[in-house]
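This report describes selected features of one protein chain, from its overall make-up to individual residues. The sequence and the structure are shown first.

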Amino acid sequence: MSVAETPPRLYCNYCQEELKSFSVKCCECSDTETFDLCLQCFRAGAEIGGHKRDHGYQIMDNALYPAGGRGEWSMTEESCLLEAIEIFGFGNWDGVGNHVVSKTKEECAEHYNTFYVQGNIGKVTLPENRVSKVIDHTGPEDGPLSPTLGATFKPVDLTVTEQQELCYMPLRDDFEREFDNDAETLISNLSITQEDDDLDISLKLAHVDMYSKRLKERGRRKSIARENGLITAAVSLPPSALPSPPQSSQKQKPQVTKRKPSKEELEFREKLKPFARFLTSTNLEEMFDNIQKEKEVKSRIKELVRCRRNGITKLKEVEEYDEAKAKREKRKENKKKLAEKTKKGNIIAAAKKPDSKEDVKDEKLDIVEDEFHALRSSQGYSCLSEREKKLCSSLKMKPAKYVTMKTLIIKDHYLRKQGIPPKTRYPSNLDKSHRKRIANFLMRNGWIKAS
């Protein structure tokens, strides 16, 4: 198809975006010049020049027109083809054909190779002589980036069950959770771009150097564990694999089960872990046991010194002394609690029983004044009349609650006058005598009439 036969591109007259699929054509502004809008501008009610939002319009399907003079391929099919190439990759024509739907995989492959690879776009973007330049950033001294990449080692002999228990892969010499497992976070987000200056590049290379040192430390620890048999020692053998005890008529000594270490012991062991590289597993356990025994002996020595200061020379006297001490402490606590209860009781009694009649009067006046000040500071107090203020004060009712009750009573009165039974539900915490007093007050002041 020649250039003359290529249909012109359509643009939105408001936002100047290319109209690739559906658009709106104004039927009243098309006398002098075609007026087209995209769906977003039409929905927003765009107006420009003589065009108004209330003009008549027509929906146009621009996807039916061929794209750039390419025969039977519409704009929608072109967009689907490029989207499929991006999703499924170049060469996966089965997936591309299923995505385009309206074209077969052979048509998609032919069209893309003709217009995008071998056409003008391909000639501009794909160079004829492709030269691949791969730069080796690893030096001869440091070797590859991973220290264990070229290392050779003898795999540890473990069964499949033991490998699963340890989360260990013997052929790769890797654990599912390695030492310094978060070391990769140093370089996970690194990327050298054209905008980086020399300082940025040096900083990123320093991060890579730190990461390589962490990998070397990880490999060193794994080699120590493999050479000293720490991996196989960590496996707990099942009871069936243990040797059977010899048959003997003599009674054998019962096996002493180790007690579960406390939280303090576990924390202490965690602190001493850096020294584990210098000792075998047996010597390390002996060291932990000896340190624990040392703590127990020191604690016992302190206890004996305390007993000697109190004149105790025999072990039987220690129990008697501890019992007597516990009784003394219990008596002191009971006396202290009794004194506190007596003090609180005296304070409450003094508050409940005033000394004289004048104190009673003063107390009542203080209560009345407090209630009056609380009522005066309540919301809606200024909207009440003097009579209503006195009523609220005598009922000890807040102004807002009084106004609500007043509205409900007046509403019920007018509903009864119209012959409509009222269905008002009064608050459950409201006293009926208060409601009668408010109704009588409204009746006396002419708000409602007696029924």
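## Overall composition

Helices and strands are taken here as DSSP runs, with at least four residues in state H or I for a helix and at least two in state E for a strand, and they are numbered from the N terminus. On that basis the chain contains 15 helices and five strands. The model is a predicted one.

Of the 451 residues in the chain, 22% are buried. Contacts between residues at least 6 apart in sequence were also examined, and 48% of them join residues at least 24 apart.

## Packing of α3 against α4

Two packed helices are described by the angle between their axes and the distance between the axes. For helix α3 (residues 93-100) and helix α4 (residues 105-117), the axes come within 8 Å and cross at roughly 105 degrees. Since angles of 65 to 115 degrees count as roughly perpendicular, α3 and α4 are therefore roughly perpendicular to each other. On the α3 side the contact is made by Trp93, Asp94, Val96, Gly97 and Val100, and α4 contributes Lys105, Cys108, Ala109 and Tyr112. By class, the residues of this contact comprise six nonpolar, one polar and two charged.

Within α3, the buried residues are Trp93, Gly95, Val96, Gly97 and Val100. Trp93, Val96, Gly97 and Val100 are also among the residues through which α3 touches α4.

Most residues other than glycine have a negative phi, and most peptide bonds are trans.

## Two residues with contacts across the sequence

Is Glu178 buried or exposed? At 12% relative accessibility, Glu178 counts as buried, since the limit for that class is under 20%. Once neighbours within four places in sequence are set aside, Glu178 is in contact with Asp173, Arg218 and Lys222. Glu178 and Gly219 are separated by 41 residues in sequence, while their C-alpha atoms are 9.8 Å apart in space.

Asn13 belongs to the segment before β1 (22-26). Its relative accessibility is 25%, so Asn13 counts as partly exposed. Not counting residues up to four places away in sequence, Asn13 touches Thr34, Phe35, Asp36 and Ile48. From Asn13 to Leu37 there are 24 residues in sequence and 6.0 Å in space, C-alpha to C-alpha.

## The largest pocket

Rolling a probe the size of a water molecule over the atoms shows where empty space is left. The largest pocket holds about 1,100 Å³ of space. Its lining is formed by 29 residues, and those nearest the centre are Arg221, Ala225, Leu230, Lys273 and Ala276.

Which elements give two or more residues to the lining? They are α7 (198-227), α8 (230-233), α9 (263-271) and α10 (281-309). The largest share, six residues, is supplied by α7. In terms of residue class, the lining of the largest pocket has 16 nonpolar, two polar and 11 charged residues.

Key: Residues are numbered from 1 along each chain as its sequence is written. This is a predicted model: local features need pLDDT of at least 70, side-chain atom pairs count only at pLDDT 80 or more; totals for chains, interfaces and linings use all residues. Side-chain values use heavy atoms; hydrogens and water are left out. Axes are lines fitted to C-alpha atoms, for helices over the stretch in contact, and angles run from 0 to 180 degrees between N-to-C directions. Angles under 35 degrees count as roughly parallel, over 145 as roughly antiparallel, 65 to 115 as roughly perpendicular and the rest as oblique. Contact means heavy atoms within 4.5 Å. Ala, Val, Leu, Ile, Met, Phe, Trp, Tyr, Cys and Pro count as nonpolar, Asp, Glu, Lys and Arg as charged, and the others, Gly among them, as polar. On a 1 Å grid over the protein atoms alone, a cavity is a set of points where a 1.4 Å probe fits but cannot get out, and a pocket is an open set with protein on both sides within 12 Å along at least five of seven lines; lining residues have an atom within 4 Å of a point. Grid points are joined across faces, edges and corners, and a volume is the space filled by probe spheres set on the points. Buried means under 20% relative accessible area, exposed over 50%, partly exposed in between (1.4 Å probe, protein chains only).
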